[in-house]
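Take a look at the model below.

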Amino acid sequence: MPEASTFQRAYSRLHKEQRAGDLLEAARTLGARDGVRAVTLIAIATQAGVHSSAVRRYYASREEILLTLAEEGYAEWADDVSARLEGLREVASAELARILTASLVERPLFCDLLTHVTLSLERDVSYERVLAFKSVATAAVKDLTAAVAAAGPLQEAQANDLIVGIIAMAAPLWQAGHPAETVTRLYAEEPSMAHGGVDFEPTLTRLTTALIDGLS
């Protein structure tokens, strides 16, 4: 006779919120460990100790779960940068670039998610879910813009362009700076091709500094 399943359905509102949180935490753990691309709905369910058929009671798809993590990432990044820049004035471009980049470096999962947001996550969820995500992301960009404009050499419109620019640069640079195992092996065995590798933090800092200087 098969063993009884240890899975228990969540009935109360509190239990349902806990279960949804468990699924998010499972996706967060898997994404940080294996990369966003490798995260599947079955893997999330297994990590959370939930039957795979039950996941859709809380989230419509893996894309919705990952988009929720990206939403959290935007809010956390904005809060962190705002705290780092609070009270600072006339910050030099190189220092401003260092602060913005350092905050992203501390959020590797968010950097990974940035690629997938526009590539697939926003395309495979409902209108209502995209609206909720965009509302949070837009508010985060607004807060980032205000913090940068208050601290550095840029006017508000220029600061907004800077935030849009660093997001656009961070996504592909993160992927290039964290290549697949086969690419890492290629660079090691074929040093002549290693110039294609990217060191994420110094590269993004350098390019962001140049962008700030150009905008100002």
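Start with confidence. This is a predicted model. The protein averages a pLDDT of 92, and 94% of the residues score at least 70. Among the elements, helix α4 (residues 93-105) has the highest mean pLDDT, 98. The lowest mean, 89, belongs to helix α8 (residues 181-189).

Next, the annotated region. An unreviewed UniProt entry carries the annotation "domain: HTH tetR-type" for residues 17-77. In the model, this span is 69% helix and 0% strand. Its end C-alpha atoms lie 24 Å apart.

Now the charged pairs. Side chains of opposite charge can pair when their charged atoms come close. The whole structure holds 11 salt bridges. Three of them are worth a visit.

Go to helix α4 for Arg98 and Glu95. Their side chains form a salt bridge, N to O, at 2.8 Å. Why can they be reached from one another along the helix? Because they sit three residues apart in helix α4, Arg98 and Glu95 are separated by about one helical turn. Both are partly exposed: Arg98 has a relative accessible area of 40%, and Glu95 has 32%.

Step back to helix α3 (residues 62-85), which contains Arg84 and Asp80. These two are four residues apart, again about one turn of the helix. Their closest N and O atoms are 2.7 Å apart, in a salt bridge. Here the two partners fall into separate classes. Arg84 is partly exposed, at 27% relative accessible area. Asp80 is at 18%, and therefore buried, since the cut-off for buried is under 20%. This pair also belongs to a network of salt bridges that links Asp80, Arg84, Glu106 and Arg107.

One more pair remains, Arg62 and Glu63. Their side chains meet in a salt bridge, with N and O 3.3 Å apart. Glu63 is buried, with a relative accessible area of 16%.

Note on methods
Residues numbered from 1 in each chain as written. Predicted model: local features only at pLDDT ≥ 70, side-chain atom pairs only at ≥ 80, totals over all residues. Heavy atoms only, no water. pLDDT = per-residue confidence, 0-100. UniProt positions renumbered as here; feature names shortened; annotations may be inferred. Salt bridge = Lys/Arg side-chain N within 4 Å of Asp/Glu carboxyl O. Buried < 20%, exposed > 50% of the residue type's maximum accessible area, 1.4 Å probe, protein only.
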